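Please look over the model below.

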Amino acid sequence: MTRLDVRGFRIFKDDLSPKDQAAIVDALRHVLRAAPLFRPVTPSGKPMSVRMTSAGKYGWVSDKKNGYRYDPQHPSGAPWPEIPNSILDIWHRHVERERLPDCCLINYYGEGTRMGLHQDKDEADFSWPVLSVSLGDDALFRMGGPARGGGTESVWLSSGDVVVMGGDARLAYHGIDRLRFGSSRLFPKGGRVNLTMRVVD
Ligand code: MD3
Ligand code: FE
């Protein structure tokens, strides 16, 4: 396992063993049955290319009418399923402070999916880190600073990598430029899942 520090982003390559990854994929099947993936729509009315769902007290949702927000319910009206312990274990290993995440956002990237540069600022307290877990196909992750246009650096994230965004990196711009579709065999039909754990309240 190697650790890279890029602009305050702490990147733990190969943090999860193949066994850990398989256990998480198994747990995710149950989550997805209770809370199916959906495609969020931006406030301007554009469907995002990534598909999403969540687990925990809150999930992140967006639609044209109400915009970006955390909501205690899936768009179907059902409460979100609990965050599986196999996923919470990763939080415990990397975050010292005594609080659990309120949300595990689950992003699914199919062939050609990307995520434009953005900041995550719908949470109430930016002193909590955001923790990201990559599963499946490799993705090119772009990291900037707290302002748009300040220059960026990119790294390839692969299955089992964990990234901790705390301190100065918490409000940094970031995005996913592209996927190497089919580069991993974790998901039989290809694609990438990114989990992000967040404290929301
Ligand atoms: C930096 N997801 O869900 S994870 C997102 O791979 C998101 O799906 C990307 O950006 C993905 O919002 C990147 C890395 C990440 C996640 C959250 C962050 C970086 C972050 C929050 C604050 C700063
Ligand atoms: Fe983000």
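How far is an oxygen atom of ligand 1 from an N or O atom in the side chain of Asn 194? The distance is 3.3 Å. It counts as a polar contact (a pair of N or O atoms within 3.5 Å; within protein, one must be able to donate a hydrogen and the other to accept it, and residues adjacent in sequence count only if both atoms are side-chain atoms).

This is a predicted model, in which local features need pLDDT of at least 70, side-chain atom pairs count only at pLDDT 80 or more, and totals for chains, interfaces and linings use all residues. Residues are numbered from 1 along each chain as its sequence is written, chains are lettered from A and ligands numbered from 1 in the order in which they are written, and side-chain values use heavy atoms, with hydrogens and water left out.

**Ligand 1**

| Side chain | Distance to an oxygen atom of ligand 1 |
|---|---|
| Arg 192 | 2.9 Å |
| Asn 107 | 3.0 Å |
| Asn 194 | 3.3 Å |

Around ligand 1 there are 19 residues. A residue qualifies if one of its heavy atoms lies within 4 Å of the molecule. Asn 107, Tyr 109, Asp 120, His 174 and Arg 192 come nearest.

Asn 107 sits in strand 6. Helices (H or I, at least four residues) and strands (E, at least two) are DSSP runs, numbered from the N terminus. Asn 107 is buried, at 4% relative accessible area. Buried means under 20%, exposed over 50%, and partly exposed in between (1.4 Å probe, protein chains only). Leaving out residues up to four places away in sequence, Asn 107 touches Val 50, Arg 51, Met 52, Met 115, Arg 192, Val 193 and Asn 194. Contact here means heavy atoms within 4.5 Å.

**Iron site**

The iron ion is ligand 2. Its protein donors are His 118 (NE2), Asp 120 (OD) and His 174 (NE2), at 2.0 to 2.2 Å. Donors are N, O and S atoms within 2.8 Å of the metal (3.2 Å for Na, K and Ca); water is not among the atoms, so sites may look incomplete. The donor spacing in sequence is H-x1-D-x53-H. His 118 belongs to strand 7 (residues 115–118) and His 174 to strand 12 (residues 174–179), so the pair ties together parts 56 residues apart in sequence. His 118 is partly exposed at 22% relative accessibility, whereas His 174 is buried at 15%.

**Cysteines**

The structure holds 0 disulfides. A disulfide is a pair of cysteine sulfur atoms within 2.5 Å. The sulfur of Cys 104 has its closest cysteine sulfur in Cys 103, 6.7 Å away, which is too far for a bond. Both residues are buried: Cys 103 has a relative accessible area of 0%, and Cys 104 has 1%.

**Cores**

A nonpolar core is a set of buried Ala, Val, Leu, Ile, Met, Phe, Trp, Tyr and Cys residues joined through side-chain atoms within 4.5 Å. The largest has 27 residues. Leu 131, Val 133 and Leu 195 touch the most other members. Elements giving two or more residues to this core include helix 1 (18–34), helix 2 (85–94) and strand 8 (130–136). A second, separate core of 26 residues includes Tyr 70, Cys 103, Leu 105 and Phe 141.

Contacts of Leu 195 include Ile 24, Leu 28, Ile 87 and Cys 104, not counting residues up to four places away in sequence.
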